[in-house]
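Subject: Structure handover

Hello,

Here is the structure for you to look through. My notes follow below it.

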Amino acid sequence: MLLYSLTQSVTVKGAAGEPLPSPFRGLAKHEVDFRRGEFSLVAAGPGTGKSLFAANLAMYGNLPCLYFSADSNAATQLSRATAIITGNDVRVIKRKLVEGDFEEYTPALGKRWWVRFNYEARPSQRDIETDLACYFEVFGCFPHLIVVDNVTNVDAGVVGDAESFTFSLEGLCEYLSEMARETHAHVLGLHHVVGEYSDGLKPIPLSGVKGKIGRVPSLILTIFKEIDGMDGRVLHVSPVKNREGFEDSSGETFSSYDFDRANMRLSDVLAEF
């Protein structure tokens, strides 16, 4: 065990604490940053948009990223990422992907050469560690962002009942938090909410996070949606826990983002600025 003075800590901290580039200006106003060396959790009901939120962060700024996509297959992630990167219509992209007429997107996607995906439906902790070691071997660095979509898809062993499920999730969060510290990556885990909030139509408090696993992450965001009569959607993102800035555990304070169904991009609601 090594002990460091305050002045020595300046040297050994490495990249820990550095914020990742983020497209979410509204969250920045609430003092929300995705800092390297820290573990965060984004929780929402099914189909609300937590994977879209993660994809918009991962594709922004062309940063080294390792994305464990247990919840979505390669076709879904590829179409979504291509739309976000190019701004083209995701329906056209999907059609061209199926028809084998995808070459026009290769130059744009090639610029994201150090964004890598794992599509295993049930990755184990050993799988995650192996992929991290491979990433370091290929690129000479660890990812700056690691996305685990969803944390409940990670194989953490046999879970018998609700109590052991909670303890298993707690242990997995400890594991992901340690991973963030060891690799100096920001580890972003996606997670579900309890049944009362699963429709995604009202603010979700910290107590609404499934498994009550709010102790470990340094940042927890919850997402609910607002749908208008014209099939438009706005995502509201609430910082219910934030060690480095503003938080409101009720979920009633949030920043808002228009969802463009064509290009899959999230953009700040202009009224906020």
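Helices (H or I, at least four residues) and strands (E, at least two) are DSSP runs, numbered from the N terminus. This is a predicted model: local features need pLDDT of at least 70, side-chain atom pairs count only at pLDDT 80 or more, and totals for chains, interfaces and linings use all residues. Residues are numbered from 1 along each chain as its sequence is written, and side-chain values use heavy atoms, with hydrogens and water left out.

Start with helix H4, residues 74-86. Its 13 residues should span 18 Å at 1.5 Å a residue, and its end C-alpha atoms are 18 Å apart, which agrees. (The expected span is 1.5 Å times one less than the number of residues.) Asn-73 caps the N-terminal end of H4. A side-chain oxygen of Asn-73 lies 3.2 Å from the backbone nitrogen of Ala-75. Just after H4, Gly-87 takes a positive phi of about 80°.

Several residues of H4 are buried, among them Arg-80 and Gln-77. Buried means under 20% relative accessible area, exposed over 50%, and partly exposed in between (1.4 Å probe, protein chains only). The cover over the buried residues of H4 includes H3, strands S2 (65-69), S3 (115-118) and S4 (145-149), and helices H5 (90-99) and H6 (106-110). Contact here means heavy atoms within 4.5 Å.

Helix H3 (residues 50-58) is mostly covered, with 9 of its 9 residues buried. Lys-50, Asn-56 and Phe-53 are among them.

**Aromatic pairs**

A search of the whole structure finds 11 aromatic pairs. The rings of Tyr-135 and Phe-139 have centres 4.5 Å apart and planes at 50°, so this pair is tilted. The rule: rings of Phe, Tyr and Trp (its six-membered ring) pair if their centres lie within 6.5 Å; planes under 30 degrees apart count as stacked, over 60 as edge-to-face and the rest as tilted. Tyr-135 and Phe-139 both sit in helix H7 (residues 125-139), 4 residues apart, about one turn of the helix. An α-helix has 3.6 residues a turn, so residues three or four places apart point the same way. Both Tyr-135 and Phe-139 are buried.

Phe-136 and Phe-142 also form a tilted pair, 4.8 Å centre to centre with 40° between the planes. Phe-136 is partly exposed at 39% relative accessibility. Phe-142 is partly exposed too, at 27%.

Phe-24, Phe-34, Phe-53 and Tyr-257 make up one aromatic cluster.

**Strand S8 and its neighbours**

Strand S8 covers residues 255-259. Of its 5 residues, 4 are buried, so S8 is largely enclosed by the rest of the structure. Strand S7 (residues 233-242) runs antiparallel to S8, joined by 5 bridges. Two strands pair if DSSP finds at least two bridges between them. Val-234 has Asp-258 of S8 as its bridge partner.

S8 also runs antiparallel to strand S9 (residues 266-268), with 3 bridges. Tyr-257 stands opposite Asp-268 in S9. The hairpin of S8 and S9 has 6 residues between the strands, and Met-264 takes a positive phi near 65° there.

Asp-231 is in the loop between strand S6 (219-227) and S7. Asp-231 is partly exposed, with a relative accessible area of 47%. Asp-231 and Arg-261 are 30 residues apart in sequence and 9.2 Å apart in space, C-alpha to C-alpha.

Best wishes

Note on methods: A polar contact is a pair of N or O atoms within 3.5 Å; within protein, one must be able to donate a hydrogen and the other to accept it, and residues adjacent in sequence count only if both atoms are side-chain atoms.
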